[in-house]
Amino acid sequence: MAKVHVTTTVNGQPVEYLCAPEQSLLDVLRETLKLTGTKEGCATGDCGACSVTVDGTLVCACLVLGVEANGRSIGTIEGVADGENLHPIQQKFLEHAALQCGICTPGLIVATKSLLESNPSPSEEEIRYYLAGNLCRCTGYDKIVRAVQDAAATMRGEAA
Amino acid sequence: MSEVRNFRAIGQRVIRPDGVDKVTGRANFGADFSLPGMLYGRVLRSPHAHARIVSIDTKRAAKMPGVHAIVTGADFPGVQSEEITGGEGAGNYKDLAVNVMARDKALYHGHAVAAVAAASIAEAEAALAAIKVKYEKLPAVMDVDTAMADDAALIEEDLYTAGLPEKPTKPSNIAMVMELKRGDVEVGFRDADVVVEETYRTPTVHQGYIEPHACLATINQGGQATVWCCTQGHFDVRSSTSKVLAMNVADIRVIPSEIGGGFGGKTTVYIEPVAVLLSKKSGRPVKMTMTREEVFRASGPASATKCVIKIGAKKDGTLTAMTAWLAYEAGAFRGSSLAPGAMCIFAPYKVDHFLIRGFDVLVNKPKVAAYRAPGAPQSMYACESLLDELARKLDLDPIDLRLKNAVEEGSQAAYGPKFNAIGFRECLEAAKRHPNYALPLGPNEGRGVAAGFWFNAGMQSSAEIHINENGTVTVIEGNPDIGGSRASMALMAAEELGVPYDRVRVQIADTESAGYTNVTGGSRVTFATGMAVIHAARDIVGQCKQRAAATWGIDADMVDWQDGHAVPKPGVNADVKPLSLADIAGNAARTGGPLLGRASLNARGAGPGFAVNFADVRVDPDTGKLDVLRYTAIQDVGKAIHPSYVEGQLQGGAAQGIGWALNEEYVYDANGVMENAGFLDYRVPVASDLPMIDTQLVEVPNPSHPYGVRGVGETPIVAPLAVIANAAHSATGVRIRELPLSPPRVLAALEG
């Protein structure tokens, strides 16, 4: 089947690509656009390693078609830091040792950013439920939850 | 010997050197590499658990668009039987080769039977669908009871049980029998006031690393291959690939990517030799990634087990005799984690009479791989559960029962050696004192306690240290960083050299750039490779003293190394200024050339790791669902180099063990087809399933390491299975002796 021409925005930059109608956004990001920060853990929407935002909504890129990005704004892990400055969530993940292998980390950071943008003061339970779609097999989530709590406090302007 | 010293760098919670790349998406994992002209490889897998492969017809597939190469078992060389050493699991290269690509039989649902390299994944998958395989189905043997029965269908027709005094008269599915014993258990049970005996079962579970296996391989016309892959041991990928493809190791360069979890599961090869062979046939680089379904169906899970334990004790809790009958599923090829499971089971306890008999059993499931303390969680779940049942019978606190019998320095371990300094008793006492252990419990809530043990490994490691011209430090080593080990290596180099942590960089080099190094596994990296880094740093210090001595015109043994500076020893009659590492490095050209420190070793004296965990659970009487309310992990870690990452090991191991206890299992249908090969139905713990996991680090220094380090990564998964099972018993009043404690199973038990 003929490929489809897609015009979209990725991390604020205009982007064009051709993709097969059945190709996932994850596949387009990783294989076509070479944005490999978004990870594939399952391709069935169960692990959250491919978390991105589409017009600000948190989604699994493996469950979105590449063609669906047309006219939308995509946010990936590569767009989280502000140039040379890490986002507070990234900084807190480092300070709290909230990653071990690091494969789930991009997805968790994108999901956390989405959480804190909609809920600047989440409870521990709200954090755990919001991030329940992001599997981490290394940490047991303890340090991730603490990093998110600390990042939220920092983003609210509270001293750590 | 361990030194009493005040550490400057060790114990600091620094930011890991690879951290920024990992929080920004720049870190390159297994599937993140590409090369010009690259093809995509995909594998055709058996839909049957056990079948003879009558024929494979690839003619139509070969002509399909985009297809460049197809391989089947016939394209692989024959491989001689040879035991695999140096890895974390047991196995044989001949079996490994057949596991990588089936020859005359498919031995499990998911066994590779052919592979295609094509210009796109879609074209490769279309070609797979066009390959015609004719199978003759054979009976699937799916558990140890069936496999060990006299009339069992044979998975390997000429398998004769090893480990018996005489070769058996007929083949069976029992690959090996082992026995460990001390004293006379008949005497021990005669002396007992109480004897308990029960049977426990654990299911097949998967390590569940989030990154599927991935590699990129290219081989030139001269036969020189380069492989990028995610692995716990690139030297093992090299040796395994060389055996499977009958290549010279010198012609294979393996470059490790960042690794997205492994837990033992990435200590062997599945797709790497296939990618090299497809590259050879196509003349193009070939990238292969496993899907999640393939990871479940065709990489190595952990053994399902059946364990029968019998314990005799005096009224005061003194153990008089213990026996264990252990049957471990190996999967379709011999070599389960039975031996370490058998060696660990009674290791924490002093008992004069014990007998352990173990069976390594073939079933039509994927060949098991190492999974964090391989073998120990299963056997110790059984033993630690029965000890809990014994404590109830004797009306003893479960910690007191263990304290009564705990091994200590000088005790003869059940598996042989005498223990050096160990911290089991300290962990038990810490648990007893822990405020969480005194918290009141509500209705439907229960508390469980259990111990965990793992030997920890040493093995071979190499390290180089280069001092750059400005005095900064580059450490080069060969262990993929699976959980922050770069930070540990940098801290140890900084400590030994007396320089700030931020002046040290750590490079994990490929098989041609780092000295030979065994796997990232066995909880060995911080211990053994750390020791190599310390020795390499001492090599640098020695050279710096010589350079300073030459500069000052005094003997090298009159120079000390203090706080990153060469200084003359007290009383040396020389009016000189101390020389920093930067001073010496800047002047290196005039004092003998670049500063290069090296060490290679086979580390001995890995200190064993003991843990005591306890947890509170609440059961929902209507659904049978168990919720973990609190979890406390206490472990002797020797010396925590980076305490945050050490705590993380305890927390992560607890979470995996909780998953094993509560949810995780391979579900097969009657034909041996795996029904839950995805994260939706194979449910690992998610953030909302778990509480915070409290940790307490006990530090009893390992006398065999300069800083007292003992491995910490594997012990944490051992205790949780029984912790949860024991807590569930407390909460429900019923004992369930089979994992997982999933809601239907708990509900059925509640309804009696």
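Just after H1(A), Lys34(A) takes a positive phi of about 60 degrees; helices (H or I, at least four residues) and strands (E, at least two) are DSSP runs numbered from the N terminus. This is a predicted model, where local features need pLDDT of at least 70, side-chain atom pairs count only at pLDDT 80 or more, and totals for chains, interfaces and linings use all residues. Residues are numbered from 1 along each chain as its sequence is written, chains are lettered from A and ligands numbered from 1 in the order in which they are written, and side-chain values use heavy atoms, with hydrogens and water left out.

**Helix H1 of chain A**

- Six of the eight residues of H1(A) (residues 25-32) are buried, so this helix is largely enclosed by the rest of the structure; buried means under 20% relative accessible area, exposed over 50%, and partly exposed in between (1.4 Å probe, protein chains only).
- Those buried residues are Leu25(A), Leu26(A), Val28(A), Leu29(A), Arg30(A) and Glu31(A).
- They pack against strands E2 (13-19), E3 (51-54) and E5 (73-75) of chain A, together with strands E1 (39-45) and E12 (286-289) of chain B.

**Nonpolar cores**

- The largest nonpolar core has 211 residues, and those touching the most other members are Phe93(A), Ile309(B), Leu326(B), Leu390(B), Tyr631(B), Ile724(B) and Leu741(B); such a core is a set of buried Ala, Val, Leu, Ile, Met, Phe, Trp, Tyr and Cys residues joined through side-chain atoms within 4.5 Å.
- Helix H11 (residues 376-394) of chain B gives the most to this core, with 10 residues.
- Apart from this core lies another of 50 residues, including Ile10(B), Ala490(B), Val533(B) and Ile540(B).

**Helix packing in chain B**

- H18(B) (residues 643-662) and H19(B) (residues 720-732) pack at an angle of about 55 degrees, with their axes 8 Å apart.
- These two helices, H18(B) and H19(B), are therefore oblique to each other.
- In H18(B), residues including Gly653(B), Ala654(B) and Trp660(B) meet Pro720(B), Leu721(B) and Ile724(B) of H19(B); contact means heavy atoms within 4.5 Å.
- H3(B) (residues 93-100) and H7(B) (residues 234-245) pack at about 80 degrees, with their axes 9 Å apart.
- H3(B) and H7(B) are therefore roughly perpendicular to each other; angles under 35 degrees count as roughly parallel, over 145 as roughly antiparallel, 65 to 115 as roughly perpendicular and the rest as oblique.
- Here Tyr93(B), Leu96(B), Ala97(B) and Val100(B) of H3(B) meet Ser239(B), Ser240(B), Lys243(B) and Val244(B) of H7(B).

Key: Axes are lines fitted to C-alpha atoms, for helices over the stretch in contact, and angles run from 0 to 180 degrees between N-to-C directions.
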